[in-house]
Amino acid sequence: MDHSRNSLSLRAKQKLKKDMFISHMLTIIQGFGFFVSLANIYYTYFRVDVWDVRRVLGLFLFVGSYGLWFCARIQLGNAFAVAAIASQAVGLKRDGLYRYFSHPIYIFSLTALIGYILLIGQITYGCVLVAVVGVVQTWRIQREKEVLFATFGEEYRRHCKRVWV
């Protein structure tokens, strides 16, 4: 029996290590996408004649939201997973941006996308993309809420009442 506990513990550690690797790779890929987007902005729009209120607002929204997304991702640390999972050992995140938002990664990725669309000026395409991303993220948030309620119960319910979104 002790041997099975050790092998289960080993399997759990291997899965956690794999999830953390995937998590870090996704963060690196998204960070790379951010810098590619900034390069695109620089080479395409850094002419005086194309800057208007919409593009300036889009730039600030894009860069600011991406910065907050990155902070939320760092604050989540080991609790971040590709699959919707929760663990009593990791605990419920209630500090940093998670003190104000239930799902800041989703909120700020969507606002960064809106900022990028305002910046590049593809409003029709952007509306479709924001709608699709919004639906997918809403579905994902619902799955995560189910897991968090099942894992943390009343503690998560109280947390949801204290946060903005």
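## A pocket and a histidine

Guide: Helix H1 (2–45), H2, H3 and helix H4 (123–152) each bring at least two residues to the lining of the second largest pocket. Keep in mind that this is a predicted model.

Visitor: Which helix gives the most to that lining?

Guide: That's H3, with five residues. The pocket itself has a volume of about 240 Å³. Its lining counts 14 residues, and the closest to the centre are Gln-30, Tyr-66, Ser-109, Ala-112 and Leu-113.

Visitor: How many residues of the lining are nonpolar, polar or charged?

Guide: Nine are nonpolar, five are polar and none is charged.

Visitor: Let's move to His-103. Why is His-103 called buried?

Guide: Buried means under 20% relative accessible area. His-103 has 8%, so it is buried. You'll find His-103 in the loop between helix H2 (53–76) and helix H3 (104–120).

Visitor: What makes the link between the side chains of His-103 and Glu-144 a polar contact?

Guide: A polar contact needs a pair of N or O atoms within 3.5 Å, one able to donate a hydrogen and the other to accept it. Here the distance is 3.4 Å, so the pair counts. Leaving aside neighbours within four places in sequence, His-103 also touches Ile-141, Lys-145, Tyr-156 and Val-165, among others.

Visitor: And how many helices and strands does the whole chain have?

Guide: Five helices and zero strands. Buried residues make up 32% of its 165 residues.

Technical notes: Residues numbered from 1 in each chain as written. Predicted model: local features only at pLDDT ≥ 70, side-chain atom pairs only at ≥ 80, totals over all residues. Heavy atoms only, no water. Helix = DSSP H or I, 4+ residues; strand = E, 2+ residues; numbered from the N terminus. Buried < 20%, exposed > 50% of the residue type's maximum accessible area, 1.4 Å probe, protein only. Contact = heavy atoms within 4.5 Å. 1 Å grid on protein atoms, 1.4 Å probe; cavity = no way out; pocket = protein on both sides within 12 Å on 5 of 7 lines; lining within 4 Å. Points joined across faces, edges and corners; volume = space filled by probe spheres on them. Nonpolar A, V, L, I, M, F, W, Y, C, P; charged D, E, K, R; others polar.
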